[in-house]
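Subject: Structure handover

Hello,

Here is the structure I said I would pass on. Please open it beside this email and follow along as you read.

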Amino acid sequence: MELTEQEKKKIEAEEHYRHEMRQSFTASSDLSTKKSKIAAALLAIFLGDFGIHKFYLGRPIQGIIYLLFFWTGIPAIIGFFEGIIYLCISDASFQAKYK
């Protein structure tokens, strides 16, 4: 069974559409994995006592440790300094470390 020229073009167009959709999906999923340096810094400075910034950055074990010791106040001090560090490092090094 031989395909007509119109059917071949239709199949080619569908394959092209699927390829474009696949590329746009992977590009959008790459964007969603990038973490905001400013958001991480603000979370660390204001909610560092509870380790919220660690959960945001994908480090739940560290976040749980912060939660366990929040009553001592030590995580708040560490979180404040971590927030300052997040603001001072370059975007490239932040993304490389926390992507």
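The model is predicted: local features need pLDDT of at least 70 and side-chain atom pairs count only at pLDDT 80 or more, while totals for chains, interfaces and linings use all residues. Residues are numbered from 1 along each chain as its sequence is written, and side-chain values use heavy atoms, with hydrogens and water left out.

The fold

The protein chain has six helices and zero strands; helices (H or I, at least four residues) and strands (E, at least two) are DSSP runs, numbered from the N terminus. Its pattern along the sequence is α-α-α-α-α-α. Of the 99 residues in the protein chain, 19% are buried. Buried here means under 20% relative accessible area, exposed means over 50%, and partly exposed is in between (1.4 Å probe, protein chains only). A contact means heavy atoms within 4.5 Å. Among contacts between residues at least 6 apart in sequence, 55% join residues at least 24 apart.

Helices α2 and α5

The axes of these two helices come within 7 Å and cross at roughly 160°. That makes α2 roughly antiparallel to α5 (angles under 35 degrees count as roughly parallel, over 145 as roughly antiparallel, 65 to 115 as roughly perpendicular and the rest as oblique). The axes are lines fitted to C-alpha atoms, for helices over the stretch in contact, and angles run from 0 to 180 degrees between N-to-C directions. On the α2 side, the residues that meet α5 include K37, A41 and I45; on the α5 side they include G79, G83 and Y86.

K37 lies in helix α2 and, at 14% relative accessibility, counts as buried. Leaving aside neighbours within four places in sequence, K37 touches Y86, L87, I89, S90, D91 and F94.

The aromatic rings

There are five aromatic pairs in the structure. Rings of Phe, Tyr and Trp (its six-membered ring) pair if their centres lie within 6.5 Å; planes under 30 degrees apart count as stacked, over 60 as edge-to-face and the rest as tilted.

F50 lies in the loop between α2 (37-47) and α3 (52-56), and F70 in the loop between α4 (60-68) and α5 (74-88), so the pair ties together parts that are 20 residues apart in sequence. F50 is partly exposed at 34% relative accessibility, and F70 is partly exposed at 35%.

Y86 and F94 form an edge-to-face pair, 5.8 Å centre to centre with 70° between the planes.

Y86, F94 and Y98 form one aromatic cluster. Y98 is found in helix α6 (residues 91-98) and is buried, at 7% relative accessible area. Leaving aside neighbours within four places in sequence, Y98 is in contact with K35, L57, R59 and Y86.

Regards
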